[in-house]
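Let's take a friendly walk through a protein chain. Have the sequence and the 3D view ready, and follow along as we go.

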Amino acid sequence: MEEDRKSSVIMDCNGCTSFDTLREAPVTAEARAPAVYRNAAGTIRELLQLPPNWNTYGAPRISPSAAELAMEVLAIAQRDGLPGPAVVPTAEGGIQLEWARRGSELEIEVLPDRTLAYLLVLAGGTDTEEGEPQSMSGSEIRDLLHRWLA
């Protein structure tokens, strides 16, 4: 039963440094998540299990630091009521979160060094913005998510 409860929420992963600590992170009451966010969080945890060379082109393992920050981005999006993203690994050991709706797209690449790069495409591709890898605060991440949503 406890395992079921853990899988029904996004984990609070502050300070996670490995798959084990991410998997065992404490559950927070406010983190009850819709299915799309439970699935996204589960995918992030599964990506941490990929072996080196998972893509057959020499990709490293997915970084626990990237997974932790991806979970933080998920938590921000969930709290703000945004739709859930697609979650995919990157060949550099990071995680990419992808949102799309009504001709607008947002891709946030979470890099192993805990920086974020992004591609924001608005209005069916007529307005595009790219962000080079950078550290972003929670409020900056929230602003980026809401620019896509607007």
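Start where two helices meet. In helix 3, the residues Tyr-37, Ala-40, Ala-41, Ile-44 and Arg-45 touch Ala-67, Ala-70, Met-71, Leu-74, Ala-77 and Gln-78 in helix 4. Keep in mind that you are looking at a predicted model.

How do these two helices lie against each other? Two packed helices can be described by the angle between their axes and by the distance between those axes. Here the axes of helix 3 and helix 4 come within 10 Å and cross at roughly 175 degrees. An angle over 145 degrees counts as roughly antiparallel, and helix 3 and helix 4 are therefore roughly antiparallel to each other.

Is Leu-74 buried or exposed? Its relative accessible area is 0%; buried means under 20%, so Leu-74 is buried.

Now look at each helix in turn. Helix 3 has 13 residues and reaches 18 Å from its first C-alpha to its last, close to the expected 18 Å. Its buried residues are Tyr-37, Ala-40, Ala-41, Gly-42, Ile-44, Arg-45 and Leu-47. Helix 4 has 16 residues and reaches 23 Å from first C-alpha to last, close to the expected 22 Å. Helix 4 is mostly covered, with twelve of its 16 residues buried. Among them are Ala-66, Glu-68, Leu-69, Val-73 and Ile-76.

What happens at the two ends of helix 4? At its start, a side-chain oxygen of Ser-63 reaches to within 3.1 Å of the backbone nitrogen of Ser-65. Ser-63 itself is found in the loop between helix 3 and helix 4. At 12% relative accessibility, Ser-63 counts as buried. Leaving aside its neighbours within four places in sequence, Ser-63 is in contact with Leu-48, Gly-93 and Pro-112. After helix 4 comes Gly-81, whose phi is positive, near 75 degrees.

Next, turn to the nonpolar core. The largest one has 33 residues, and those with the most contacts inside it are Ile-44, Ile-95, Trp-99, Leu-106, Ile-108 and Leu-145. At least two residues of this core come from each of helix 3, helix 4, strand 4, strand 5, strand 6 and helix 5. Which element gives the largest share? That is helix 4, with nine residues.

Finally, step back and take in the whole chain. How many helices and strands are there? The chain has five helices and seven strands, and along the sequence they follow the pattern α-β-α-β-α-α-β-β-β-β-β-α. Of the 150 residues in the chain, 43% are buried. Among contacts between residues at least 6 apart in sequence, 50% join residues at least 24 apart. The contact list we began with, between helix 3 and helix 4, is one part of this picture.

Key. Residues numbered from 1 in each chain as written. Predicted model: local features only at pLDDT ≥ 70, side-chain atom pairs only at ≥ 80, totals over all residues. Heavy atoms only, no water. Core = buried A, V, L, I, M, F, W, Y, C linked by side-chain atoms within 4.5 Å. Buried < 20%, exposed > 50% of the residue type's maximum accessible area, 1.4 Å probe, protein only. Helix = DSSP H or I, 4+ residues; strand = E, 2+ residues; numbered from the N terminus. Contact = heavy atoms within 4.5 Å. Expected span 1.5 Å × (residues − 1). Axes fitted to C-alpha atoms, helices over the stretch in contact; angles between N-to-C directions. Parallel < 35°, antiparallel > 145°, perpendicular 65-115°, else oblique. Polar contact = N/O pair within 3.5 Å; in protein donor to acceptor, adjacent residues only side chain to side chain.
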